[in-house]
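Thanks for coming. I will take a few minutes to walk through one structure, for those who have not seen it before.

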Amino acid sequence: MLKPGHAQPELLPVSTSGFGVPQPAVPYRATGIGAIERSGLWWIVPLFVAASGAGFAWGWKWIDARRARVDVLRTFGEKFIREFEKPLRRNATSPPTKSRVRFAPRRLRVDILIAPAAGRTYPNLVDHKRNMEYDVERVMRLLRNASFVNGPLYAQGSWVVVPCRFQPDRQQEGAS
Amino acid sequence: MNILLLSSGGGGGNILRSLKALFRRDLVVTQKADPKYAERLRRALTTRFIDTNEFSLADVPKEERLVIGSLTTKRIGSMHNPELARKALDESRKEVESLLSRHSVVIVVGTGGKGTGAGTIFPIAQMARQQKKLVIPIFVRPSFERHEVEKRRFDHALKVAEQFDAAGIRLMEILNDRGYIDAHPEPQPVVWERMNLPIARGLRGLIYVLWDLSQVDPSDLSILFAGHGRLRIGFSELDPPAGHEPGDEQIQAAVRGCWENPFCAFDGPVGTSLVCIQGDWSNVVDGKIKGQIAALALRQAAESPYNPLYARAVRAPRPWGVTTLFAEHTGNYPPLEIDWSAEKKVALRLNGTSDTDGVPVEEEDEVAVSPSSNVEVAPTAEVISVAGAVAEAPVVVPNEPEAPASFSTFWDFARAVNRSDPAALALAADGAESEIPMDVREVRKLLSTFWFRSVFPRLSKHWQNRILDVVTQHATIPDHTIGKGRNAVHFSDMTTEQRQQMVSDPTLADEVRADLQLVTTVAMLWGDEALKRFQFVPATPAPDNSRLAALLQPFRH
């Protein structure tokens, strides 16, 4: 379908004699096409800028929100580890545990991984399950952060994983 | 000095049994050599086993048992509940207070394993402190990693230690965790015995010193135990054959043994400390022991607050050895108020019916002695004389300021500052008008002592400048050359590191070491700049005492 403003296509001669007539090559750069695109840019560019701006703003907000979530999760994880280690650090000559924190910010979940340092046996879930459960409860009580709820402990290699979920609504429920 | 050895709960009781057995062995040995002395020693020590469970005291002589809280616990224990044990103690508070009141020194032993020890050791120590007793609490922190207790018991034990810190009571904390060595597995009783032995042997040495106050200044003890922090006890046997001196290697091993007690919690630098030497050897050996312990203490930190108090345990029976009680330096504190007058009360009671008992020498021991007479001890001249002598010991009254004029020498003044005498501290804070004379020899001697280092920061700038003036103006320092060949260096050119390295070099001549010690101390207290004020004079060459010279000596005449 022809559109106003578009150049007419060239009509090529068609032989009727039954044998092929060599056809002239169509010029690669038809002058009319360039003119069509350039004329369309006047509204594409602002649209693109607006879309990019919106996308950038949304992305920025998303990154910001993600960063905020990660910060909340990381702070909690670090505080947890610090409180967990505090009694074990007393009179220790070297760090008593190895620790890591991993996040799933979209699911508001932080996994705290703790393993015994060299020469230590705690924490582990093989012979210290009750002690570990007591310790997690102790730390959660000390941190007094109602927004975080811990799940059942499980082992991953030499690590004991303390899964915790951030539930901001619980803080509001608890707030008076 | 009347000493009460008190255990609280089952774990503390086990340690006390071990300690008592060792002491009883000593009494048997002493009995052979000097029965009167053994008798005095026996009476100086009282043992009591406090518990909420009377069945755990079944093997303890009746007169040594003290079951607390009969109504609260029905005499069957505190059900692993420290709070219940505390209530039991409250119920029997009067009996315990009465027991404490009869002694000047209270050594209380407990463990944080279950209920009684964990719940009562701190309140008992606090009661003793309130009665102005010298209290030495020994608390065992159990291991949860090795399944001695659950983690929450372990955490409770940590809180007990924190209570001591908050109350400013020094604590000897034993860490059971350190009794396990994976490379050398051992049965539990062996591990406990290995941990109890240094405590028992260390306390034995300490008891000999505390018992006879002539060997140690009570005001020094008031400083040693002041403030919060940990205590570390150490003991090493040093028992040469009769008529022989211990060799250098034996001394080194003994010092190392005293220094290291891996079972004691102790994180900070060593501050004021007591070194008790037991053994009839020469003062040269004493000097080596003191010097090597000081070298270890000073190696810890460049500006070590190590401040040793030395005591000799007179006539201690073999095996001889060295006992050390190191106090963790956590700051400077006013001396404790200790009421030494309990000795007088005991002496008066001994004239009538006595309620002191002491450690009995059991009949089955190898030496036949009179059977245990824990009550109704007939008074003897010996007992009365000891008690009388102790009663005359100075009573520390820190709140009563002394007149500044009482410090006739700078040495007296420095010692008074060291024991936080209020009048001395007031003078130390200013001192611009003070007329206390300063003699250069006295100042040099002071600067060579370890305890003066803790006095120095308490002196005003005026005092500090005055001391430096005296030292630099009146003391000439020979510019000794130390080292050989290319490494030879003059005193005046030495760096701080070189000085600190060389000062502990055992090959240095005594006079060179004394000068180097002075220079090092001045640099440490006033800074390297102060050394520029010294006038180093050329040193007279040391006599040629090389081996070659010694060989040529016969041909010189």
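This is a predicted model: local features need pLDDT of at least 70, side-chain atom pairs count only at pLDDT 80 or more; totals for chains, interfaces and linings use all residues.

Chain B brings 17 residues to the contact, and chain A brings 14 residues. Between them the two chains bury about 1,400 Å², and 42% of that is on carbon and sulfur atoms. On the side of chain B, the residues that lose the most area to chain A are B:Glu145, B:His147 and B:Lys151, which together make up 37% of what that side buries.

What holds charged groups across this contact? There are 5 salt bridges between chain B and chain A. One to look at joins the side chains of A:Arg90 and B:Glu162, with a distance of 2.5 Å from N to O. Counting polar contacts across the interface of chain B and chain A gives 15 residue pairs, with both residues at pLDDT 80 or more.

Which elements of chain B touch chain A with at least two residues each? They are helix H7, residues 151-167, and strand E6, residues 172-175. H7(B) gives the most to that side of chain B, with 6 residues. By class, the side of chain B that touches chain A has 10 charged residues, 6 nonpolar and 1 polar.

Staying with H7(B), I turn to its packing inside chain B. Helix H6 of chain B, residues 116-130, packs on H7(B) at an angle of about 10°, and the axes are 9 Å apart. Angles under 35 degrees count as roughly parallel, and H6(B) and H7(B) are therefore roughly parallel to each other. From H6(B), the residues in contact are B:Ala118, B:Ile121, B:Phe122, B:Ala125 and B:Arg129; from H7(B), they are B:His156, B:Val160, B:Gln163, B:Phe164 and B:Ala167. That contact has 7 nonpolar, 2 polar and 1 charged residues.

B:Phe410, B:Trp411 and B:Ala414 on H14(B) meet B:Glu442, B:Val443, B:Lys445 and B:Leu446 on H16(B). By class this contact has 5 nonpolar and 2 charged residues, and no polar ones.

Now chain A, and back to salt bridges. The structure holds 34 of them over all chains. One is between A:Arg89 and A:Glu85, where the closest N and O atoms are 3.1 Å apart. Both residues lie in helix H1 of chain A, residues 31-89, and they are 4 residues apart, about one turn of the helix.

Two backbone details are left. Most residues other than glycine have a negative phi, and most peptide bonds are trans. A:Asn91 is not a glycine, yet has a positive phi of about 60°. Where is A:Asn91? The residue sits in the loop between H1 and strand E1 (97-104) of chain A. The other detail is the peptide bond from A:Tyr122 to A:Pro123, which is cis, with omega near 5°. A:Pro123 is in the loop between strand E2 (109-116) and helix H2 (129-143) of chain A.

That is the end of the tour.

Note on methods: Residues are numbered from 1 along each chain as its sequence is written. Chains are lettered from A and ligands numbered from 1 in the order in which they are written. Side-chain values use heavy atoms; hydrogens and water are left out. Contact means heavy atoms within 4.5 Å. Buried area is the accessible area (1.4 Å probe) that two parts lose on being put together, summed over both. A salt bridge is a side-chain nitrogen of Lys or Arg within 4 Å of a carboxyl oxygen of Asp or Glu. A polar contact is a pair of N or O atoms within 3.5 Å; within protein, one must be able to donate a hydrogen and the other to accept it, and residues adjacent in sequence count only if both atoms are side-chain atoms. Ala, Val, Leu, Ile, Met, Phe, Trp, Tyr, Cys and Pro count as nonpolar, Asp, Glu, Lys and Arg as charged, and the others, Gly among them, as polar. Axes are lines fitted to C-alpha atoms, for helices over the stretch in contact, and angles run from 0 to 180 degrees between N-to-C directions. Angles under 35 degrees count as roughly parallel, over 145 as roughly antiparallel, 65 to 115 as roughly perpendicular and the rest as oblique.
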